[in-house]
Each structure stands twice: as structure tokens, then as C-alpha cells.
Amino acid sequence: MRHIKIKDHRDDSSVRRLLVLAADPAGEQGLEDLLDECQDLQVLAHIAEDGTIAALAAYRHSDQYSLCLEYLAALPEFQQRGLGRALVEELRSMHRKNVWATTDDDAIDFYRALGCVVSNSAEDPRWTGVARYLCTLPYLPLLNNQPTEDPEYEAVNGQLTRGNIRIVEPSPSWPQDFEDFAHRIAGALGPQALAIEHTGSTSVPGLPAKPIIDISLLVPDANVEPSYVPALEGAGLVFWHREPGWYAHRMFKPPAGSSIDANIHVFSAGSPEYLRMVIFREHLKGDAADRQAYAQVKRQAAAQLLAEQGEDGLVMDYNRIKEPFILALHHKLFAS
């Protein structure tokens with residue numbers, strides 16, 4: 001494998017065939033436009049013994065944690081040899097980053113077999129009416145370590161949450177509460193909503209929780225606030241705070257007095273925190289012992305916070321008390 005520059009291979013029939021396979025451009029002009037686009041991307045290629053470019057992966061770096069795989073294809077005569085898997089795994093290893101891509105039903109089995117975390121995604125305007133998925137291949141060392149920089153908490157229209165932490169028994173309404181918020185968010189953002197996932201304790205059947213629906217919303221770049229903030233505010237959500245040093249995290253909430261409370265966490269695609277949340281959720285769904293242990297930790301943390309701070313406890317401190325259990329479980333799940 002080696003990197004190539006598309007500008008040096010515009011007339012290479014293999015490269016042109018590969019890009020047609022990867023993106024199905026509309027006609028010759030569409031292919032030329034695609035070649036222009038790929039000149040701004042990095043391209044890792046598998047070169048056959050006879051010098052043919054047999055497979056390629058065109059990608060860009062999203063941020064310090066992830067890269068976006070824009071196009072991936074192998075020539076038909078070189079398929080079923082594991083070239084696509086080898087290219088993606090080489091990119092993850094080479095750059096030590098999570099690798100994410102959007103795809104459709106034709107390729108979703110490939111990404112699942114690769115070990116990707118898969119979420120439903122927004123429709124791509126280029127292919128109307130086609131179901132899309134966000135697929136993210138984790139680089140486990142990123143998931144097993146937290147950022148060391150200052151998260152830089154910045155209140156916007158909210159503030160640090162205080163109050164008596166209530167842990168309640170699971171409610172049958174929580175899944176539908178999430179669906180209602182997800183529909184609202186998807187309607188507001190359209191293609192900008194790369195994934196909308198129900199995370200946190202209310203997403204795990206049988207797990208007691210604070211009666212607050214946690215939602216992870218992935219956008220192309222959470223730092224580009226104009227691309228999503230006005231739309232979410234237009235949908236009646238309140239921009240609560242930002243934490244630029246913690247995976248570019250932003251948080252929104254429904255307005256005060258809403259019948260259902262929620263925390264809508266915005267991250268960039270490929271975010272390690274999104275991966276942690278989804279993998280943690282799926283583990284708790286399938287592991288009754290860890291689910292019961294976590295329920296006990298949550299109740300103990302709420303009781304400890306009440307004893308230490310009374311009715312005005314900081315939710316941040318409740319999370320701090322739970323953290324040793326969560327980090328130990330992360331280590332079990334993500335140690336490579």
C-alpha cells in the first residue's frame with residue numbers, strides 16, 4: 001500500500017473505474033467533478049504486482065480524533081481478497097484515529113463485519129430516498145483515555161445543574177420520549193444530523209436512572225456552530241453550554257417547564273465519547289451483572305451527594321462519584 005495523488009492519476013483507467021464504483025457519479029462530467037474533489041483528499045491505494053491500482057481509500061482528517069473515509073472501492077477482479085478491510089485498518093493504525101464513513105444498504109454488511117459502530121444516518125441529498133448509516137471503526141486507545149486538556153466550560157443560556165438527584169425506576173415512556181426528540185432534531189437539521197442516538201441510563205432497559213433523556217447528536221463538525229445551532233434553536237431547544245476542550249462538546253436542552261427533560265449532547269462525527277456511550281449502552285443491555293452493579297453505584301452516588309451537599313448538589317459531582325466504576329468498565333471494554 002502507498003499514498004497516491006489523484007492529480008497524477010486522473011487518466012488512469014483503474015482509478016476512474018474505482019471512483020465510479022465508490023460514488024456512482026452522474027455521467028462523464030460527474031466523474032470529472034469527483035476527480036476534482038478527490039484532489040483535495042488523501043488517497044491510500046493497494047497496488048497489484050502488475051502496477052494496477054487495485055483498490056483505494058480516499059479520506060480526510062476530521063479532527064485530532066478521527067478521519068472521514070469519503071470513498072472506498074476495489075476493482076471487481078480484485079474483490080473478495082480483503083483489500084477494503086486492509087485499507088481501512090491500515091488508516092486506523094497509521095493515523096491512530098477512529099475512522100468513520102456514511103454508507104447505504106449495499107455496503108453496510110462490510111462495515112458491520114469490520115467491527116464498526118453503526119447508527120442510522122440522515123438521507124444524503126445526492127441519493128434521495130436511500131437509507132444511510134454512519135459507521136465508525138474505533139481506535140481503542142482513544143476510547144480508553146480521556147482528554148487531558150481543560151474542558152473550558154462556557155455557559156451559554158444555561159448553567160451548572162444543581163438539585164436533588166433522583167434515581168427512579170425505568171419508565172416505559174423513555175424510548176418514545178427519545179423518538180419524539182429525535183424526530184424533532186432530525187426535522188430541524190436534515191443532512192447535518194449524521195446520527196441521533198439514545199444514550200445514557202434511560203437508553204438501557206431495566207436500568208434505574210435520572211428521569212432525563214440523554215441524546216448524542218453527531219454533526220460533521222461541532223465547532224462550526226452556525227451549521228446547527230440556529231436550526232436547533234429554531235426547533236425550540238436551548239443552547240445550554242459548550243465545552244470546547246472535551247471533544248468539542250455542546251449541549252442543548254428543552255426550555256424550562258417542558259414536560260420531558262433531556263440533555264442533547266452534540267459531538268463531531270468520529271468522537272470517542274459518542275463511541276464510548278454507544279458501546280457502554282450495548283454492554284449494559286447484555287450484561288445483567290454489570291447493569292445491576294451500575295444501578296447500585298448510581299443509587300449510592302445520589303445518596304452520597306445528598307449527604308454531602310443536601311438538596312443543592314451539583315450533577316457534576318454526582319458524575320464524579322460514579323466515575324471510578326465507569327472508568328474501570330471502560331478499561332475492561334477498551335483495553336487493547
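This is a predicted model: local features need pLDDT of at least 70, side-chain atom pairs count only at pLDDT 80 or more; totals for chains, interfaces and linings use all residues.

Q: Fine. What is the strand order in the open sheet of 7 strands?
A: The order is β1-β2-β3-β4-β5-β7-β6. The pairing is mixed.

Q: Which strands stand at the edges?
A: β1 (2-4) and β6 (117-121). Each has a single partner strand, so one side of each has no neighbour in the sheet.

Q: And how much twist from one strand to the next?
A: The average is 30°.

Q: In what sense do β3 and β4 pair, and over how many bridges?
A: Antiparallel, over 7 bridges. β3 covers residues 53-61 and β4 covers residues 66-74.

Q: Which residue in β4 is the bridge partner of L56?
A: That is A73.

Q: Which strands does helix α3 lie across?
A: β1, β2 (42-47), β3, β4, β5 (98-103) and β7 (132-137). The helix spans residues 83-95 and runs at about 35° to β3.

Q: How accessible are R85 and E89?
A: R85 is partly exposed, at 33% relative accessible area. E89 is partly exposed too, at 28%.

Q: How many salt bridges does the structure hold?
A: There are 19.

Q: Is R16 buried or exposed? And what does E32 count as?
A: R16 is buried, with a relative accessible area of 16%. The cut-off for buried is under 20%. E32 has 23% relative accessibility, so this residue counts as partly exposed.

Q: Which residues are linked with R16 and E32 in a network of salt bridges?
A: R10, E28 and D36 are linked with them in that network.

Q: New topic: helix α10. Where do D317 and R320 sit relative to each other?
A: Both lie in α10, 3 residues apart, about one turn of the helix.

Q: What are the relative accessibilities of D317 and R320?
A: D317 is buried, with a relative accessible area of 16%. R320 is partly exposed, at 43%.

Q: Now the lysine. Where is K322 placed?
A: K322 is in α10 as well, and that helix covers residues 315-334.

Q: What is the nearest side chain of opposite charge to K322?
A: D214, at 7.6 Å. K322 is buried yet has no salt bridge.

Q: Why does D214 not count as a salt-bridge partner of K322?
A: Because a salt bridge needs a side-chain nitrogen within 4 Å of a carboxyl oxygen, and D214 is 7.6 Å away.

Q: Which side chain does K322 join through a polar contact?
A: Y294, at 3.1 Å.

Q: What is K322 in contact with, leaving aside neighbours within four places in sequence?
A: Y294, V297, K298 and A301.

Methods
Residues are numbered from 1 along each chain as its sequence is written. Side-chain values use heavy atoms; hydrogens and water are left out. Two strands pair if DSSP finds at least two bridges between them. Helices (H or I, at least four residues) and strands (E, at least two) are DSSP runs, numbered from the N terminus. Axes are lines fitted to C-alpha atoms, for helices over the stretch in contact, and angles run from 0 to 180 degrees between N-to-C directions. Contact means heavy atoms within 4.5 Å. Buried means under 20% relative accessible area, exposed over 50%, partly exposed in between (1.4 Å probe, protein chains only). Lys and Arg count as positive and Asp and Glu as negative; His and the chain ends are not counted. A polar contact is a pair of N or O atoms within 3.5 Å; within protein, one must be able to donate a hydrogen and the other to accept it, and residues adjacent in sequence count only if both atoms are side-chain atoms.
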